[in-house]
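Here is a short briefing to read alongside the model. Please take a look at the structure first, and then we can walk through it together.

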Amino acid sequence: MTEDRVQKILAKAGFGSRRACEKLIEARRVTVNGQIITLGAKADPKVDDIRLDGNPVGKSEKLVYIAVNKPKNMLSLDAPDDTRPSIFELFTDDRHIFPVGRLDFDSEGLVLMTNDGELANRLSHPRYEHDKEYEVRVSRRPDDEQLQIWRRGVVLEDGYRTLPAEVEVKSYTKSGAWLKIVLREGKNRQIRRTGVRIGLPVQQIRRVRIGPLELGKLQPGNYRYLKPDEIKALRDYTGLP
């Protein structure tokens with residue numbers, strides 16, 4: 001008999017990241033052999049009757065990986081109670097697919113959708129500090145001091161100091177500039193909040209890379225399934241077999 005933590009079993013079965021599955025358990029929505037469980041409970045999916053909202057959790061679904069170019073003013077998560085448009089409206093797939101991390105409503109660019117809970121956890125958990133690259137348009141031309149401050153890390157209004165980042169000017173506009181920014185963390189609205197703190201208001205954000213996965217020529221509102229070599233590159237990048 002091989003037991004494992006139930007949140008890990010749920011994640012492997014495609015019900016979200018490890019943390020998302022922990023929340024399902026905390027919400028008392030998961031039972032094992034008819035009993036509501038708490039965090040830390042273990043089970044053997046080959047022997048025990050594991051259910052979410054009364055529905056049996058079967059064997060792991062076939063893993064799927066989808067790259068989406070999220071348009072501006074669209075949610076990057078499935079929120080049935082929110083009337084705003086969501087990227088889940090862009091494609092149809094009956095599997096339990098979820099976004100790896102989030103992209104702000106008013107930002108655009110690459111979102112990875114999958115039912116691979118282990119990969120999602122590795123890519124989104126702060127302790128792994130994986131690269132995410134953005135093209136950012138600011139409304140003022142940055143000076144060297146502002147760029148150096150952003151590179152070193154900025155203390156936000158709540159007292160949190162951001163990690164060092166890669167920041168460089170890609171091109172200048174009439175009154176501002178396009179920046180290339182590579183982050184290794186993902187605090188809520190971090191780029192916009194940083195821009196405000198150092199006097200570089202952000203007008204546009206486009207995510208173009210997550211680890212080795214690039215947005216490429218994928219047009220806004222479109223999606224594609226990842227190629228086997230891209231999936232392998234992501235799993236190698238995150239240290240997964």
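The protein exposes about 13000 Å², by the Shrake-Rupley method with a 1.4 Å probe, and carbon and sulfur atoms supply 46% of that area. This is a predicted model, in which local features need pLDDT of at least 70, side-chain atom pairs count only at pLDDT 80 or more, and totals for chains, interfaces and linings use all residues. Residues are numbered from 1 along each chain as its sequence is written, and side-chain values use heavy atoms, with hydrogens and water left out.

**Overall build**
- Six helices and 15 strands form the secondary structure of the protein; these are DSSP runs (helices H or I, at least four residues; strands E, at least two), numbered from the N terminus.
- The C-alpha trace spans about 65 × 40 × 35 Å along its principal axes.
- Of the 241 residues, 45% are buried, meaning under 20% relative accessible area with a 1.4 Å probe, protein chains only.
- Taking contacts (heavy atoms within 4.5 Å) between residues at least 6 apart in sequence, 63% join residues at least 24 apart.

**Helix α2**
- Helix α2 covers residues 18-26, and its buried residues include Cys21, Glu22, Leu24 and Ile25.
- The buried residues of α2 line one face of the helix, because they fall within an arc of 155° seen down its axis; the arc is that of the directions from the helix axis to the C-beta atoms.
- Among the elements covering these buried residues are α1 (6-12), β2 (30-32) and β5 (50-52).
- Arg28, which follows α2, has a positive phi, near 60°.

Methods. Buried < 20%, exposed > 50% of the residue type's maximum accessible area, 1.4 Å probe, protein only.
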